[in-house]
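Student: I have a structure here that I have not seen before. Can you take me through it?
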Amino acid sequence: TTTTTTTKEFCVHLGPLYEWRTVSKLAVRPVNNASSSKRSPPKVAIGLFLPQSHTLLPVPKCRAHHPSINRAVECVERACHEVG
């Protein structure tokens with residue numbers, strides 16, 4: 001549902017709050033897990049960089065992302081963990 005408010009100076013459109021982001025550039029980084037055994041596959045974190053940094057913030061099931069993006073993230077994480 002979209003709401004439109006018009007004034008003399010400009011028009012504001014308010015769209016959905018959730019599941020609106022259909023494009024996302026996500027970062028993928030290995031997770032350093034010192035407690036994991038050598039037999040367990042390396043883990044990865046998929047998410048967004050914090051502003052002005054290279055610090056990764058995992059965003060599993062992000063509410064802004066369209067559900068298809070969240071499903072793709074889950075598939076990539078699962079595949080990385082299976083392959084190692």
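Student: What pLDDT does the protein average?
Tutor: This is a predicted model. The protein averages a pLDDT of 83, and 80% of the residues score at least 70.

Student: Which elements have the lowest and the highest mean pLDDT?
Tutor: Strand β1, residues 3–6, has the lowest at 62. Strand β5, residues 56–58, has the highest at 92. Where pLDDT is low, the predicted coordinates should not be read in detail.

Student: OK, the sheet. What order do the strands have?
Tutor: The order is β3-β4-β5, in an open sheet of three strands with antiparallel pairing. At the edges are β3 (27–31) and β5, each of which pairs on one side only. On average, neighbouring strands in this sheet are turned by 55° against each other, direction ignored.

Student: How many bridges join β4 and β5?
Tutor: Three, with β4 covering residues 43–49. Leu48 has Leu57 in β5 as its bridge partner.

Student: New topic. Where does Lys61 lie?
Tutor: In the loop between β5 and α1 (67–83).

Student: Buried or exposed?
Tutor: Lys61 counts as exposed because its relative accessibility is 61%, and the cut-off for exposed is over 50%.

Student: And what is Lys61 in contact with, leaving aside neighbours within four places in sequence?
Tutor: Asn70 and Glu74. Val73 is 12 residues from Lys61 in sequence, and their C-alpha atoms are 8.6 Å apart.

How values were computed: Residues are numbered from 1 along each chain as its sequence is written. This is a predicted model: local features need pLDDT of at least 70, side-chain atom pairs count only at pLDDT 80 or more; totals for chains, interfaces and linings use all residues. Side-chain values use heavy atoms; hydrogens and water are left out. pLDDT is the predictor's confidence in each residue, from 0 to 100. Helices (H or I, at least four residues) and strands (E, at least two) are DSSP runs, numbered from the N terminus. Two strands pair if DSSP finds at least two bridges between them. Axes are lines fitted to C-alpha atoms, for helices over the stretch in contact, and angles run from 0 to 180 degrees between N-to-C directions. Buried means under 20% relative accessible area, exposed over 50%, partly exposed in between (1.4 Å probe, protein chains only). Contact means heavy atoms within 4.5 Å.
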